[in-house]
Amino acid sequence: MDYVSALVPPIVMAAFFIALVVTIVKTQGGANKAKEDAAVDAVLARAEAARQPRK
């Protein structure tokens, strides 16, 4: 019975990891893609503006 208790945690972690990967893959693109891309573009533009020297 010790082998069952030794195998349960890795199996549970693997199941959660697979569910996480599936969720990430499913949420790529779709209706929120434009909104997410706009948010990333805004952050990158803000970082670029902060990095350039002021005149």
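How many salt bridges does a search of the whole structure find? The search finds one. A salt bridge here is a side-chain nitrogen of Lys or Arg within 4 Å of a carboxyl oxygen of Asp or Glu.

This is a predicted model: local features need pLDDT of at least 70, side-chain atom pairs count only at pLDDT 80 or more, and totals for chains, interfaces and linings use all residues. Residues are numbered from 1 along each chain as its sequence is written, and side-chain values use heavy atoms, leaving out hydrogens and water.

**The salt bridge**

The partners are E48 and R51, with their closest N and O atoms 2.9 Å apart. Both sit in helix α2 (residues 33-51). They are three residues apart, about one turn of the helix. Helices (H or I, at least four residues) and strands (E, at least two) are DSSP runs, numbered from the N terminus.

**Exposure**

Buried means under 20% relative accessible area, exposed over 50%, and partly exposed in between (1.4 Å probe, protein chains only).

| Residue | Relative accessible area | Class |
|---|---|---|
| E48 | 34% | partly exposed |
| R51 | 64% | exposed |
| L7 | 48% | partly exposed |
| I24 | 44% | partly exposed |

L7 lies in helix α1 (residues 2-27). I24 is found in helix α1 too. Buried residues make up 0% of the 55 residues in the protein chain.

**Surface**

M1, Y3, V4, L7, V8, I11, V12 and F16 make a nonpolar surface patch of about 860 Å². Patches are built from residues with over 30% relative accessible area and no salt bridge; like charges are joined within 9 Å, and nonpolar side chains (Val, Leu, Ile, Met, Phe, Trp, Tyr) within 5 Å. The protein chain exposes about 5,200 Å², with carbon and sulfur atoms supplying 70% of it. Areas come from the Shrake-Rupley method with a 1.4 Å probe; for residues, only the protein chains shown count as cover.

**Overall form**

The protein chain has two helices and zero strands. Its C-alpha atoms fill a box of roughly 70 × 30 × 10 Å, taken along the principal axes. The radius of gyration is 21 Å, whereas a compact globule of 55 residues would have one near 10 Å. That radius is taken over C-alpha atoms, and the globule rule is 2.2 Å times the number of residues to the power 0.38. I24 and L44 are 20 residues apart along the chain, and their C-alpha atoms are separated by 22 Å.
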